[in-house]
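Here is a short briefing for a reader new to this structure. Look at the sequence and the fold, then go through the points by topic.

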Amino acid sequence: MTAGAVLVMGAGSVGCYVGGCLAAAGVPVTLVGRPRVLDAIAQQGLTLSAIDAAAHSVPASALRLAGAVPVDAAPALVLLCVKSSATAEAAAELAAALPPGTLVLSLQNGISNAAAASAAAPSLKVLPAMVPYNIAELAPGAFHRGTVGRLAAQDDALLLPWLPVFERAGVPLDLRAGLVAIQWGKLLLNLNNPVNALSGLPLRDELLQRGYRRCLAALIDEAMAALDAAGIAPAQLAAVPARRLPTVLRLPTWLFRMVAARMLRIDAKARSSMADDLALGRRTEIDAFCGEVVRLAQANGLTAPRNAKMVALLDVWPAQPQRLGADQLCRLLAL
């Protein structure tokens, strides 16, 4: 690879969108992923669209596609985008193939992935990051960003030369001195992922049903109790401060529409990546969301039974697929 090249480890929704945007801006990009995704890209290239930008295409010829890290890989930057359960395995593969000190940016959900990657690949320099927006796979090779926001990463001098590159590519990156508060702020919002996935609805339609919002509010209540006990103040990433979210979510829908108008700026195509996982019969990242809440609660002498219930519901899905109505989910969470 040439200097300044990027390798995306895990060509899913986030990896294809961010990697595709960088490739469209002239960055040499290699996508490492599953045949299902890469075969579609090889045939028709990437189609990238967004709620606030016109759609554009990236031809397959502008990308390098690989099922594993190429033996000649020497990227200047790796974007780690695999699902949480695959973090250690992917990091070990990267460490075996890449020069020591290679910079790796974890664009993954949850709190612990960068630490897990560092433990599995101590020869690499792994930094945590946060993806604020929703990206959905609309069709094979077609990825859509349905909300807005800016990437955030742990502040490090090695990332400074990349800031204008990401800005030019339309995926701007901000550096933060501490990322834990931001990661937890994002995780609070991500607690809607399992609710959305079980609903079978687009994000906006799901949020406009009060029953589903009540479920999300209950999950956030447990998370906030655990965060308070741990002395962690989550960052505000939504239009509403984290501590006020449960109250706003429980409002009657007519009032929620007015109070949370900015929160509802989601286009009709947006849905959670967890919904995509369920549709494909894949194991979800529920442990990186509700599982993190359960572990934080237990570490501080509390329980989080509703988050634990969501873990159980998502864990049995591949064997017992069942869409849940709002009233049904409320009953299962004892609301």
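Two strands count as paired if DSSP finds at least two bridges between them. The model shown here is predicted.

- Eight strands form an open sheet with mixed pairing, in the order 5-2-1-6-7-8-11-12.
- Strand 5 (63–66) and strand 12 (173–176) are the edge strands, each pairing on one side only.
- On average, neighbouring strands of this sheet are turned by 25° against each other, direction ignored.
- Within it, strand 7 (residues 103–106) and strand 8 (residues 125–130) run parallel, joined by four bridges.
- Ser 106 has Pro 128 of strand 8 opposite.

**Strand 3 and its partners**
- Strand 3 (residues 46–50) is largely enclosed by the rest of the structure, because four of its five residues are buried.
- Strand 4 (residues 53–58) pairs with strand 3 in the antiparallel sense, over four bridges.
- A hairpin of two residues links strand 3 to strand 4.
- Thr 47 has Ser 57 in strand 4 as its bridge partner.
- Strand 3 also runs parallel to strand 10 (residues 142–145), and four bridges join them.
- There, Thr 47 stands opposite Ala 142.

**A loop residue: Glu 285**
- Glu 285 sits in the loop between helix 12 (273–279) and helix 13 (286–299).
- Its relative accessibility is 7%, so Glu 285 counts as buried; the cut-off for buried is under 20%.
- Leaving out residues up to four places away in sequence, Glu 285 touches Val 82, Lys 83, Ser 84, Asn 109 and Met 274.

Notes. Residues are numbered from 1 along each chain as its sequence is written. This is a predicted model: local features need pLDDT of at least 70, side-chain atom pairs count only at pLDDT 80 or more; totals for chains, interfaces and linings use all residues. Side-chain values use heavy atoms; hydrogens and water are left out. Axes are lines fitted to C-alpha atoms, for helices over the stretch in contact, and angles run from 0 to 180 degrees between N-to-C directions. Buried means under 20% relative accessible area, exposed over 50%, partly exposed in between (1.4 Å probe, protein chains only). Contact means heavy atoms within 4.5 Å.
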